[in-house]
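Please read the notes below alongside the chain, and check each point against the model as you go.

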Amino acid sequence: MAIRTITLTDRPPVRVDEDTWPVLASASYHDYDGEYASQSFRHWRGFLGVRQHEDGRTLVYATCSAEGCGSSTTREYRHKAGELLPVGTDTAAIIAAVHRIHRDIADRDVHEQWAGLADACIADLPAEELS
């Protein structure tokens, strides 16, 4: 059992068992200065994800950080945001939450790769069956 703490916006964080809250969709990036990540002092990371419990509750959350950027041109930061959606939330509402959480982080000073994460996360949602 792996427990994950997820930061939510305007409410206390939640702790979930990753086995009972599997990832439904996600998108991420890791960028760094230099040729190799292991030799770089500056790292930029971003994650936007959707987890869903079998009862239908859904978590949409994001983290974005810059580490080792303590210079005059770049700075360190760590941003987190998230929402807990109730049972019965449809796909359109989940997509709207992805956009809200993405925008919450994007409104801050973040790495340019953050811009494409909402679309990538939505594209990772399970495909709908059309007849």
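1. Helices (H or I, at least four residues) and strands (E, at least two) are taken as DSSP runs and numbered from the N terminus.

2. A word on the basis of these notes: this is a predicted model, in which local features need pLDDT of at least 70 and side-chain atom pairs count only at pLDDT 80 or more, while totals for chains, interfaces and linings use all residues. Residues are numbered from 1 along each chain as its sequence is written, and side-chain values use heavy atoms, with hydrogens and water left out.

3. Of the 131 residues in the chain, 36% count as buried, where buried means under 20% relative accessible area, exposed means over 50%, and partly exposed lies in between (1.4 Å probe, protein chains only). The accessible surface of the chain comes to about 7,800 Å², and carbon and sulfur atoms account for 48% of that surface; such areas come from the Shrake-Rupley method with a 1.4 Å probe, and for residues only the protein chains shown count as cover. Among contacts (heavy atoms within 4.5 Å) between residues at least 6 apart in sequence, 53% join residues at least 24 apart.

4. The largest nonpolar core holds 24 residues, and Leu48, Val60 and Trp114 are those with the most contacts inside it; a nonpolar core is a set of buried Ala, Val, Leu, Ile, Met, Phe, Trp, Tyr and Cys residues joined through side-chain atoms within 4.5 Å. At least two residues of this core come from each of β3 (23–32), β4 (43–52), β5 (58–67), β6 (77–85), α1 (91–106) and α2 (117–123), and α1 gives the most, with five residues. A second, separate core of seven residues includes Leu8, Val16, Trp21 and Tyr61.

5. Which residues does Val60 contact, leaving aside neighbours within four places in sequence? They are Gly49, Val50, Ala81, Gly82, Glu83, Leu85, Ile94, Ala97, Val98 and Ile101.

6. The buried residues of α1 are Ile94, Ala97, Val98, Ile101, His102 and Ile105. Seen down the helix axis, they fall within an arc of 130°, so they line one face of α1; the arc is that of the directions from the helix axis to the C-beta atoms. In general, an α-helix has 3.6 residues a turn, so residues three or four places apart point the same way. The cover over the buried residues of α1 includes β4, β5, β6 and α2.

7. The length of α1 can also be checked: at 1.5 Å a residue its 16 residues should span 22 Å, and its end C-alpha atoms are 22 Å apart, which agrees. The expected span is 1.5 Å times one less than the number of residues.

8. Two further places deserve a look. Val14 lies in strand β2 (residues 14–17) and counts as buried at 16% relative accessibility; beyond four places in sequence, Val14 touches Arg4, Thr5, Ile6, Leu8 and Leu59. Ala115, by contrast, sits in the loop between α1 and α2 and counts as exposed at 59% relative accessibility.

9. How many disulfides are there? With a disulfide taken as a pair of cysteine sulfur atoms within 2.5 Å, the count comes to zero. Cys64 is buried, with a relative accessible area of 1%, and Cys121 is buried at 0%.
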